[in-house]
Amino acid sequence: MAAPTRDESTAHVDENAARKAPRPGTISVALCVLNGERFLPEQLESISTQSRLPDELVLVDDGSSDRTVPIARSFAASAPFPVRVYVNERRLGVTKNFERALRLCGGSMIAMCAHDDVWMPRKLSVLEGALAASPEAGLAFSDAEVVDGSLRPLGYRFWQSIGFGRRELALVAAGRAFEPLLKRTFVGGTLLLFRSSYLDSILPIPATWQEDSWIALIIAAQARIVTVPEPLNLYRQHGANVVGGAKRGILDQLNRSLAGGREAYELAARQFEEARERLVGRPGVGERPTWARDSRLLDEKIAHMRRRAGLSSNRAARLPTLLEELCRGRYRRYSNGMRSFWRDFAA
């Protein structure tokens, strides 16, 4: 693992060097931040008090104009584990900033981190244990307690807030997470721990995707995903969640899944075509016993979104296509069931 470093700029950094030969059993934390001085100290404190400390923290600042960088440098000087602070020369945006942080991580497992959450003390220990108990799993993710800006509980958990329930849990437990992920995202990026051996297939992250959605789908095509019902984050809701990364990513994805219109459907089709291009022919993917089915489902998802994007502007003319997609079960499997059907019919 890399030695502690107080600050590094984007210049003259070999972003592949850190992950050439990760030591087994090591954990990197990838923390991306933009103007996070209000909440960053609490998050850093929660990382430093983990019962299982990370082996390194990679913090990438995306051009903050507040005291974020001095706070990070001060923490790096006294942290009980190596901390590397990078300051981007130009703003990359949330997804590409996370991509850069992932490239710089040297651990055999990576936890993504938002600056405005707070981690429960057992977070890394529990997620690491979940992966250790399932050697065939590539990713583990947990639930979270939803709190307000002052960390007061709002009375519900993250899975509850997005409707992640028994059916999807059962599919994930059965090793079929790829199927429900074709319909919507339910893996929060800052609630997961994944094996860095999958970085070669994850990176680069396409510009049309959010980082959490892409990582979950690509790993689910290659390995099992395991769930941890225990809330391991305090998932803070405040007026500027857009800079937090995972909140923006998963909520944007959910909003797009509920939205209608040709543009949204065409975007979804392009996204899953990109996933197919990344996965088809990748070593090991085709040999998985679930791939034949997953590949067929992926093609059906693309075809479904293409057909929705190409619906006639005449209601009578589009009805046969709508009924065919409904009878094939595609509205139920890849969209939002009858809600999506009636939206397309009434448009």
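A residue counts as partly exposed when its relative accessible area falls between the buried limit, under 20%, and the exposed limit, over 50%. Arginine 157, at 35% relative accessibility, is therefore partly exposed. Keep those limits in mind for what follows. The model above is predicted.

How far can it be trusted? The mean pLDDT of the protein is 90. Of its residues, 88% reach 70 or more. Two stretches call for care. Over residues 1–7 the pLDDT is below 50, yet this stretch has 26 contacts in the model beyond near neighbours in sequence. Residues 241–246 also have a pLDDT below 50.

Now look inside. The largest nonpolar core has 56 residues. Among those with the most contacts inside this core are Leu102, Phe141 and Ile202. Helix 9 (residues 211–220) gives the most to this core, with seven residues. Take isoleucine 202 as an example. Leaving aside neighbours within four places in sequence, isoleucine 202 touches Phe194, Trp214, Ile215, Ile218, Ile219 and Arg278. There is also a second, separate core of 32 residues. This second core includes Leu31, Val85, Leu124 and Leu232.

Helix 1 (residues 40–48) shows how an element packs. Its buried residues are Leu40, Gln43, Leu44, Ser46, Ile47 and Ser48. What do they pack against? Their partners are strand 2 (27–33), strand 3 (56–61), helix 2 (68–78), strand 5 (109–114) and strand 6 (118–119).

Next come the charges. The model has 23 salt bridges. One joins the side chains of glutamate 99 and lysine 96, at 2.9 Å from N to O. Both residues lie in helix 3 (residues 94–104), three residues apart, about one turn of the helix. Glutamate 99 counts as buried because its relative accessibility is 8%, under the 20% limit. Lysine 96 is partly exposed, with a relative accessible area of 29%.

Helix 12 (residues 291–309) holds another pair, arginine 296 and glutamate 300. They sit four residues apart, so about one helical turn separates them. Their closest N and O atoms are 3.3 Å apart in a salt bridge. Arginine 296 is partly exposed at 42%. Glutamate 300 is buried at 18%.

Other bridges reach further. Arginine 157 and glutamate 145 meet through their side chains in a salt bridge of 3.7 Å, N to O. This pair links distant parts of the chain: arginine 157 is in strand 8 (residues 153–157), and glutamate 145 is in strand 7 (residues 137–147), twelve residues apart. Salt bridges can also form a network, as they do among Arg307, Glu324, Glu325, Arg328 and Arg330.

Arginine 318 lies in helix 13 (residues 315–327). Arginine 318 is buried yet has no salt bridge. Which side chain of opposite charge is nearest? That is aspartate 344, 7.1 Å away. The 4 Å limit for a salt bridge therefore rules this pair out. What lies by the arginine instead? The backbone oxygen of serine 313 is 3.3 Å from a polar atom of the arginine 318 side chain. Beyond four places in sequence, arginine 318 is in contact with Leu311, Ser312, Ser313, Asp344, Phe345, Ala346 and Ala347.

Notes
Residues are numbered from 1 along each chain as its sequence is written. This is a predicted model: local features need pLDDT of at least 70, side-chain atom pairs count only at pLDDT 80 or more; totals for chains, interfaces and linings use all residues. Side-chain values use heavy atoms; hydrogens and water are left out. Helices (H or I, at least four residues) and strands (E, at least two) are DSSP runs, numbered from the N terminus. Buried means under 20% relative accessible area, exposed over 50%, partly exposed in between (1.4 Å probe, protein chains only). A nonpolar core is a set of buried Ala, Val, Leu, Ile, Met, Phe, Trp, Tyr and Cys residues joined through side-chain atoms within 4.5 Å. Contact means heavy atoms within 4.5 Å. pLDDT is the predictor's confidence in each residue, from 0 to 100. Lys and Arg count as positive and Asp and Glu as negative; His and the chain ends are not counted. A polar contact is a pair of N or O atoms within 3.5 Å; within protein, one must be able to donate a hydrogen and the other to accept it, and residues adjacent in sequence count only if both atoms are side-chain atoms.
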